[in-house]
Amino acid sequence: MPSQPGLPFGQFVGDDGGVHDMVASSVIAAVPEAKAAAEKYGRELRFDFLDDTAVHWLLHHRWEDNRKWRKRGCASGFLLFPFLAGPWPFWDLVAVEKSRTFQVAFIVADAMIVVGILLGLYLWRRPSLRDPAMRNVRIRARRYREIVGIARRGGAEVPATYPYYGMYASSRKFFPDAPELPIPEGGQKS
C-alpha cells in the first residue's frame, strides 16, 4: 500500500490502496447546488470544502484513520472466523453424535467466545471511536462525499467512485471544541 505522506499535493490514497488525483474545488464549485452544500456544511463543520489544501489534508487524515484500523480489522476477522465458521463442521462431524448436554454446552461456549471477542474488539476500538478530533475528520469526510455526489449529479466531471472510500457510520456529531489534527511533517498548513 502506498505511503500517503510521500504523495505530491493533489493526490491521495483511497480505500482500494490506489493513488488517485483529487478533484479540484473549482469543478465542485461550478455546480451551484454543490457549492451551496459546501458552504452550508462548511459553516456547520468549520471547514472550507472549497479549499483544495484543506481537502487534501482531510483526505490524508481520513486515510490515516482507516489505515490504522485496516490491519487490526483483518486480524480480528481471522480471530473470529474459527468460532463463526468452525462450529458447523464440528457439529456435523462430532457434536451430533454426543449427548444433548454436550451439544448445549458446545453452543453456549462458542457463543460466549464470539461475544467475548466482539466485546474485546469494541473495547479496543472504543478510544478511537470516541476521539473528538477524529470524529470531526470522519463527519467532514462524510459531508465531503455528499458534496461530491451532489456535484456529480449536477453534471460535474467527477469519477463515479470519487473520493474512493466508503461512508463513516460513526460520524454523526461535530465537536466544535475538539483540536484540529496536525499537518504531518513536510506538509503545508491550510
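Helices here are DSSP runs of H or I with at least four residues, strands are runs of E with at least two, and both are numbered from the N terminus. By that rule K40 sits in helix α2.

This is a predicted model, in which local features need pLDDT of at least 70, side-chain atom pairs count only at pLDDT 80 or more, and totals for chains, interfaces and linings use all residues. Residues are numbered from 1 along each chain as its sequence is written, and side-chain values use heavy atoms, with hydrogens and water left out.

**Stop 1: helix α2**

Select residues 32-45. This is α2, with 14 residues. At 1.5 Å a residue it should span 20 Å, and its end C-alpha atoms are 20 Å apart, so the two agree. The expected span is 1.5 Å times one less than the number of residues.

Now colour by accessibility. Buried means under 20% relative accessible area, exposed means over 50%, and partly exposed lies in between (1.4 Å probe, protein chains only). Which residues of α2 are buried? Pick A34, A37, A38, Y41, G42 and L45. They cover an arc of only 135 degrees around the axis, which puts them on the same side of α2. The arc is taken from the directions from the helix axis to the C-beta atoms. An α-helix has 3.6 residues a turn, so residues three or four places apart point the same way.

Turn to the other side of α2. P32, E33 and R43 are exposed there. K40 is partly exposed, with a relative accessible area of 42%.

What do the buried residues of α2 pack against? Show α1 (25-29) and α6. Contact means heavy atoms within 4.5 Å.

**Stop 2: either end of α2**

Step back to A30, in the loop between α1 and α2. At 58% relative accessibility, A30 counts as exposed. Draw a distance from A30 to P179: the two are 149 residues apart along the chain, and their C-alpha atoms are separated by 31 Å.

R46 lies in the loop between α2 and α3 (52-85). Phi of R46 is near 55 degrees, a positive value in a residue other than glycine. Most residues other than glycine have a negative phi, and most peptide bonds are trans. R46 has 56% relative accessibility and therefore counts as exposed.

**Stop 3**

Two packed helices are described by the angle between their axes and the distance between the axes. Axes are lines fitted to C-alpha atoms, for helices over the stretch in contact, and angles run from 0 to 180 degrees between N-to-C directions. Angles under 35 degrees count as roughly parallel, over 145 as roughly antiparallel, 65 to 115 as roughly perpendicular, and the rest as oblique.

Display α3 and α5 together. They pack at an angle of about 175 degrees, with their axes 10 Å apart. That makes α3 roughly antiparallel to α5. On the α3 side, select D65, W69, R72, S76, L79, L80, F83 and L84. Their partners in α5 are D110, I113, V114, I117, L118, L121, W124, R125 and S128. The residues of this contact of α3 with α5 divide into 11 nonpolar, two polar and four charged. Ala, Val, Leu, Ile, Met, Phe, Trp, Tyr, Cys and Pro count as nonpolar, Asp, Glu, Lys and Arg as charged, and the others, Gly among them, as polar.

Stay on α5 and pick V115. Is V115 buried or exposed? At 54% relative accessibility, V115 counts as exposed. V115 and L80 are 35 residues apart in sequence and 9.9 Å apart in space, C-alpha to C-alpha.

**Stop 4: α5 against α6**

Follow α5 (residues 100-130) into α6 (residues 132-153). Their axes come within 5 Å and cross at roughly 75 degrees. α5 and α6 are therefore roughly perpendicular to each other. Select R125, S128, L129 and R130 in α5, which meet P132, M134, R135 and R138 in α6. The residues of this contact of α5 with α6 divide into three nonpolar, one polar and four charged.

**Stop 5: α6 and beyond**

α6 has 22 residues and reaches 32 Å from its first C-alpha to its last, close to the 32 Å expected at 1.5 Å a residue. α6 is mostly covered, with 16 of its 22 residues buried.

Just after α6, select G155, with a positive phi of about 105 degrees. Finish at P163, in the segment after α6. The peptide bond from Y162 to P163 is cis, with omega near 10 degrees.
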